[in-house]
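Dear colleague,

Please find below the structure that I am handing over to you.

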Amino acid sequence: MTTDPGDDPHVRLLLGAYVLDALDAEETCRVARHLQRCDGCARDYVEVAEASALLALLRAEDLRE
């Protein structure tokens with residue numbers, strides 16, 4: 001298995017950064033295009049996006065428990 005997203009046609013390794021809008025314009029376009037045609041990565045994107053939304057609901061006190 002490779003850790004270099006350039007060697008993998010899928011974009012799973014970039015999904016977290018994509019959800020957080022932390023990719024450059026070229027990478028953002030690459031991920032968006034890929035998600036339009038890959039059901040597996042699109043499902044993973046939904047999971048990452050949902051997890052990100054849930055994390056935003058946490059308060060600092062929640063993390064100390």
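I begin with His34, whose place is in helix H2 (residues 25-37); helices (H or I, at least four residues) and strands (E, at least two) are DSSP runs, numbered from the N terminus. Please note that this is a predicted model, in which local features need pLDDT of at least 70, side-chain atom pairs count only at pLDDT 80 or more, and totals for chains, interfaces and linings use all residues. Residues are numbered from 1 along each chain as its sequence is written, and side-chain values use heavy atoms, with hydrogens and water left out.

His34 counts as buried at 6% relative accessibility, where buried means under 20% relative accessible area, exposed over 50% and partly exposed in between (1.4 Å probe, protein chains only). Its side chain makes a polar contact with the side chain of His10, at 3.4 Å. A polar contact is a pair of N or O atoms within 3.5 Å; within protein, one must be able to donate a hydrogen and the other to accept it, and residues adjacent in sequence count only if both atoms are side-chain atoms. Leaving aside neighbours within four places in sequence, His34 is in contact (heavy atoms within 4.5 Å) with Pro9, His10, Val11 and Cys41.

The helix around His34 may be described next. The 13 residues of H2 should span 18 Å at 1.5 Å a residue, and the end C-alpha atoms are 19 Å apart, which agrees; the expected span is 1.5 Å times one less than the number of residues. Val31, His34 and Leu35 are buried in H2. Seen down the helix axis, these buried residues fall within an arc of 100°, so they line one face of H2; the arc is that of the directions from the helix axis to the C-beta atoms. Ala25, Glu26, Gln36 and Arg37, on the other side of H2, are exposed. H1 and H3 are included in what covers the buried residues of H2. At the N-terminal end, H2 is capped by Asp24, a side-chain oxygen of which lies 3.1 Å from the backbone nitrogen of Glu26.

Two of the buried residues of H2, Val31 and Leu35, also belong to the largest nonpolar core, which has eight residues: Val11, Leu14, Leu15, Leu23, Val31, Leu35, Cys38 and Cys41. Such a core is a set of buried Ala, Val, Leu, Ile, Met, Phe, Trp, Tyr and Cys residues joined through side-chain atoms within 4.5 Å. Among the contacts of Leu15 beyond four places in sequence are Val31, Leu35, Cys41 and Tyr45.

Which aromatic rings pair? The criterion is that rings of Phe, Tyr and Trp (its six-membered ring) have their centres within 6.5 Å; planes under 30 degrees apart count as stacked, over 60 as edge-to-face and the rest as tilted. By this rule the count comes to one aromatic pair. The ring centres of Tyr18 and Tyr45 are 5.7 Å apart and the planes stand at 65°, so the pair is edge-to-face. Tyr18 lies in helix H1 (residues 15-19) and Tyr45 in helix H3 (residues 39-55), so the pair ties together parts that are 27 residues apart in sequence.

Ser52 also lies in helix H3 and touches Val19 and Leu20, not counting residues up to four places away in sequence.

For the chain overall, there are four helices and zero strands, and buried residues make up 15% of the 65 residues.
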